[in-house]
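Thank you all for coming; I would like to walk you through one model this morning, going from single residues out to a whole chain and then to the spaces inside it. Please keep the structure open while I talk.

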Amino acid sequence: MEFDFVTWSVWSVGFIIWIIWAYLSIKEFISILIAQKKELDNDND
Amino acid sequence: MSPIDIIIVVAFLVLIFVVGGYFYKWISTPDDFYVTGRKLTPFILAATITATNVNVYSFVGQSGTAYQEGLSIIWHTWTGNMALVLSGIFIIPIFRRLRIRTIPEFLGLRYSQGFRGLVAVIWIFRLAFWLGIGIYAIAIAAQTITGVQSFTLWVFVLTGITVFYTILGGTWSVATTDALQFLLMLGGALILLPVAMYAVGGFATLKAQVPAEFMSLVPQSGDFNWLFLIAMVLLSIKWATINQDVLQRAFSSENVRTASKGMVLSGIITTPFALLWILPGIAAKVLYPDLTNFDNAVPTLIVEYFPPVVLGLMACGLLSAMMSTIDSDLNSIATMFTSDLYNGYFNIESSHRQSLTVARLVVLVMGLFIIGFSYLVPVLGGAVEANLTVIGILDTPLFVVAIIYGLLWKRANWQGAFAGYFAGAFVGVFVYLAGDQSFSLAILSSAGAALVVCPLVSLLTPPQEVVKANTIWDAKKPELEHPDDVDPFYIVPKSIPGKLAISASIFGLILYLIGAIVGSTGAVISSYLAVGGMFMIFIGGLVRIYVK
């Protein structure tokens, strides 16, 4: 079977977006987690 | 489904249960529960908007329609994406600046508390019915894919988990599990496309085996022809500007620019993903040409071609798609009931604790309601669809009075809004029921009636107090943003790149509409014009959110 250019182009674009989004979402979530933890600790003090 | 797949699905459900429940201690005020204390950042926001937007209907319903009608159903998603971008740069900044939690709250600010209450009640009913149908659909899909044939088990497990974490962590749980579910859902779609294409022998083979019209993006005839493209973009703009469950996510953003970024990025990223579930639907047409239930197109492909482990992951993706929509809708209902009705009418001076208790109780009651309603869906049959259609028609006059007149014409008053809304609703429902049940015709008639009646009645009745309209008009300027906000977001940008960006988006919309109209002649260029227009909207939106 020949290389399916259309399928793998669509897939590659989707995969790249997926990887970038996973990385950036986790990064943002960690920042929120740290900020929120600080806020909760301050409230407890 | 093999035992390893069952283990994967159970592990996924436990993970969602634990992650969702974690956020209980983050909730101390109603704003934490409704809008994450307005702390969401751009990429998490885009993920949660996308997860709310994409659901089982996308994977099962749209791919089923692609099986039956061809590629052009993809505009159902793509017009929604275009609308998210346009709403993100033109409308959302105004709403976010007003610091509202719900669309009815905006109607209260612009028109009257009575109009706010009315729309809140309609929206609560609308979402409750939709949730019952959603749970029914996901329970049926879960049975097909996992082989665990117990409707009751799936309804109780999926509703139970979703209700549990929404009660505990409100929007924090919803947004975080949505982000996780977004990754699983799109991960599942990434598995689906190559498997489907491998099964059919590749894209070229697929294209050779279906009629040319089937692969046309702007067909001249059929149910999803060039006219569908025009109707869909109007419906999508309406959806992206007044739909509570999507917009509530944007209201949770940390500032105005983040709200805009979340909407624009969500619109852009979903675009390539739509092909991941539409093309497999068309592949199923070649593989299983005689299916009687088109919605089984992709589930049949999944069950036949997916090996163990991959099948388990795909099942998690599908469950994610629906759970992320259900939790958002539950949260929206709780927010509207508590904010617009309980705090608006029954207990205006309620404490944070009282409001939170009511919001959580609403989620619990709604959970019980949707469990009960999911059993009624097969009994009610066509009545459910008719009900949803009627409720869908009611949105059109709401869009006219809330967005078109509410944001653009100061003289519009609450009498005009009420009259326009009811006239549009009456005409739309009448045209739908008395005619040949054409949804497009009903929508257009409804919009036409509201467009005429609202200004007429407004001009025949006394003007509304200036302060109401001024509150909204002031929100078009960045002065209402937080004084410390060093990055104000102008709807009409100050910089040349910003001006060029919004011009590109507007030109893109015009190009898209030209493409759709040219599609009526059957010219091949129509697809290029429509897709080119869509890309111009995206490029304009992307530049706009990053420049002054």
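Predicted model: local features only at pLDDT ≥ 70, side-chain atom pairs only at ≥ 80, totals over all residues.

B:Thr79 has a relative accessibility of 0% and therefore counts as buried, where buried means under 20% relative accessible area, exposed means over 50%, and partly exposed lies in between, with a 1.4 Å probe and the protein chains only. This residue is found in helix H5 of chain B, residues 75–90, and helices here are DSSP runs of H or I with at least four residues, strands being runs of E with at least two, both numbered from the N terminus. If we leave aside the neighbours within four places in sequence, B:Thr79 is in contact with B:Leu229, B:Met232, B:Val233, B:Ser236 and B:Tyr512, contact meaning heavy atoms within 4.5 Å.

Residues are numbered from 1 along each chain as its sequence is written, chains are lettered from A and ligands numbered from 1 in the order in which they are written, and side-chain values use heavy atoms, with hydrogens and water left out.

My second residue is B:Ile502, which lies in helix H21 of chain B, residues 496–518. B:Ile502 also counts as buried, because its relative accessibility is 11%. Not counting residues up to four places away in sequence, B:Ile502 touches B:Ile89, B:Phe90, B:Ile491, B:Val492, B:Pro493 and B:Arg544. From B:Ile502 to B:Phe426 there are 76 residues in sequence and 36 Å in space, C-alpha to C-alpha.

Now to the chain as a whole. Chain B has 22 helices and 0 strands, and of its 548 residues 62% count as buried. Among its contacts between residues at least 6 apart in sequence, 84% join residues at least 24 apart. The C-alpha trace spans about 65 × 55 × 50 Å along its principal axes.

On a 1 Å grid over the protein atoms alone, a cavity is a set of points where a 1.4 Å probe fits but cannot get out, a pocket is an open set with protein on both sides within 12 Å along at least five of seven lines, and lining residues have an atom within 4 Å of a point. Grid points are joined across faces, edges and corners, and a volume is the space filled by probe spheres set on the points. The lining of this largest cavity includes B:Ile138, B:Thr146 and B:Leu319, and H8 of chain B gives the largest share of it, 5 residues.

The second largest pocket has a volume of about 820 Å³. It is lined by 31 residues, of which B:Leu71, B:Trp78, B:Met215, B:Leu217 and B:Val531 lie nearest its centre. Two or more residues of that lining come from each of helix H1 (5–44) of chain A and helices H10 (203–209), H13 (256–287) and H22 (525–546) of chain B, and H22 of chain B gives the most, with 6 residues.
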